[in-house]
Amino acid sequence: MNAERVDFSGITDEGVTWTLLGTLYLRAWESRLPAPILGDHHAAEAIRRIDYDFAKLKRRMRPNSNQFLVALRARQLNDWSAAFLSRHPDAIVLQLGCGLDSRMLRLDPQGALRWFDLDIPQVIDLRRQLYPEHGTYRMIGASVTDDGWLEKIPADRPALIIAEGLLPYLTPSEVRRLLQRLTDHFTSGELIFDGLAPWVVRMAKLFHWSPRDGRDVERWNPRLTCADQVPLTAHYRRIPVRLYRVIYRLMNAVPGLRNMSVEYRFTF
């Protein structure tokens, strides 16, 4: 990780602030727990280097409770990623909408994998100030809905495709086209992502797409087979704070709340 201070004061888009700095802040906050779920110390180091009004962000993010949302989600995706990479050590990794996530440092600190992180150019410009390219790790500045960027990714080996906190922001037609492009490009691999319940999408203006379950995606794209779908609340035993462990356990017992956020793993 680079050592220079990074000025983020120019970010004025609240949506970018929420998805970019908000999730980074929550992962950093969670890493301070005595027994963290994720323990993303790279996020904590990034927060120390960024010049930004984090007091304002703290009031909005409410990290004491919301830290578990991002930690549980990221931990499950990490576990699936690590399992895939143990079976396919020569794999290509493609992380879509990477933001300021440090997954490549947590799973591939030496830069040995052909790992590609993609996000819009503004985000990649900021990201390069925090995380340098090293080994075979590369960053691509483009929108997932743009044409052309996928041709830069080799397709000669199994692919692990990670889309954390991304697909709900796309429209159904954008998601469908993206998934088709990915399975047309890569011959085999896994796609892992998180999705929201339809009622959450209806309530929140930021979101546009939600699968009812994995069969929705299989009907769109016959090459994709749902191997796992796990409600985020099912991981309540991992929460080290008793109050929130009880809350998540109760949520997990109510079908509508249990499916509020679900993590999916597809093979192709």
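**From the sheet to the aromatic cluster**

In this predicted model, Leu-94 stands opposite Ile-161 in β6. The strands concerned are β3, which covers residues 92–96, and β6, which covers residues 159–163, and the two pair in the parallel sense over four bridges.

Both strands belong to an open sheet of seven strands, whose order is β5-β4-β3-β6-β7-β9-β8 and whose pairing is mixed. At the edges of this sheet are β5 (137–141) and β8 (225–231), each of which pairs on one side only. From one strand to the next, the twist averages 15°. Helix α6, formed by residues 121–128, lies across β4 (114–119) and β5, and its direction makes an angle of about 145° with β5.

A pair of aromatic rings is described by the distance of the centres and the angle of the planes. The count of aromatic pairs comes to 10. For Phe-193 and Trp-209 the ring centres are 6.2 Å apart and the planes meet at 45°, so the pair is tilted, given that stacked pairs have planes under 30 degrees apart and edge-to-face pairs over 60. This pair links distant parts of the chain, since Phe-193 sits in strand β7 (residues 189–196) and Trp-209 in the loop between α8 (198–203) and α9 (214–220), 16 residues apart. Phe-193 and Trp-209 are both buried. Ring pairs also extend beyond these two residues, linking Phe-193, Trp-209, Trp-220, Tyr-264 and Phe-266 into a cluster.

Conventions: Residues are numbered from 1 along each chain as its sequence is written. This is a predicted model: local features need pLDDT of at least 70, side-chain atom pairs count only at pLDDT 80 or more; totals for chains, interfaces and linings use all residues. Side-chain values use heavy atoms; hydrogens and water are left out. Two strands pair if DSSP finds at least two bridges between them. Axes are lines fitted to C-alpha atoms, for helices over the stretch in contact, and angles run from 0 to 180 degrees between N-to-C directions. Contact means heavy atoms within 4.5 Å. Rings of Phe, Tyr and Trp (its six-membered ring) pair if their centres lie within 6.5 Å; planes under 30 degrees apart count as stacked, over 60 as edge-to-face and the rest as tilted. Buried means under 20% relative accessible area, exposed over 50%, partly exposed in between (1.4 Å probe, protein chains only).
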